[in-house]
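Please look first at the sequence and the model together. The paragraphs below then lead through a few of its parts in turn.

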Amino acid sequence: METVTLTYKRPPDRVNHFQQELLYLDDDVIVTSQRVKPSSPIIQNGEMVLGDNFAAIWFVFTGLWYDVGKVYNLDNEWTGYYCDVLKPVKRRVDAAGKLDCFEITDLFLDLWINPNGTYEIQDEDEFQEAVQNGAIDPELEAKARDVLSALIVEVETGKFPPQFVREYIISV
């Protein structure tokens, strides 16, 4: 199993490092997997759809302001998609040109998408707090809101997630 380090930043100064299994890599996308430890579970229609030790396949696209997590429960059943609004990924390669590390900066706003296409915005309170505390400047606030709005339009019109994500299959 090949692993890669994710440097996860959250304004103003939170930095975490996670080892993830590298599943696929090209110039457009980094695909990794990991078992997640969310700060709190996500419950939809009385059922936990994101919780401790759930598996996530992460799709981090070059140049885009979001990632997509394809989430599976403890019975390996797909429960939905988790999208983080974030700054475009930064990649770091070693002397041989191999991906050594990638970095994302989370902008707090998230979107949970159920298999039936319904969705729920996550962490708006944390986003508002970051804006009020100056961790997110007005320009970045506007960008994050625009990205979230565009994602919602894509979900509502059936164009999200990208086909690559929908078709990507792996046993978790």
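Phe164 is partly exposed, with a relative accessible area of 31%, whereas Tyr168 is buried at 15%; buried means under 20% relative accessible area, exposed over 50%, and partly exposed in between, for a 1.4 Å probe and protein chains only. This is a predicted model, in which local features need pLDDT of at least 70 and side-chain atom pairs count only at pLDDT 80 or more, while totals for chains, interfaces and linings use all residues. Residues are numbered from 1 along each chain as its sequence is written, and side-chain values use heavy atoms, with hydrogens and water left out.

A search of the whole structure finds nine aromatic pairs. One of them joins Phe164 and Tyr168, which are tilted at 50° between the planes and lie 5.7 Å apart, centre to centre. Rings of Phe, Tyr and Trp (its six-membered ring) pair if their centres lie within 6.5 Å; planes under 30 degrees apart count as stacked, over 60 as edge-to-face and the rest as tilted. Phe164 and Tyr168 also belong to one aromatic cluster with Tyr24 and Phe59.

Attention now turns to Asp106. This residue lies in strand β10, residues 99-113; strands (E, at least two residues) are DSSP runs numbered from the N terminus. Asp106 is buried, with a relative accessible area of 2%. Not counting residues up to four places away in sequence, Asp106 touches Tyr8, Lys9, Arg10, Pro11, Asp84, Val85 and Leu86, where contact means heavy atoms within 4.5 Å.

Definitions and conventions:
Helix = DSSP H or I, 4+ residues; strand = E, 2+ residues; numbered from the N terminus.
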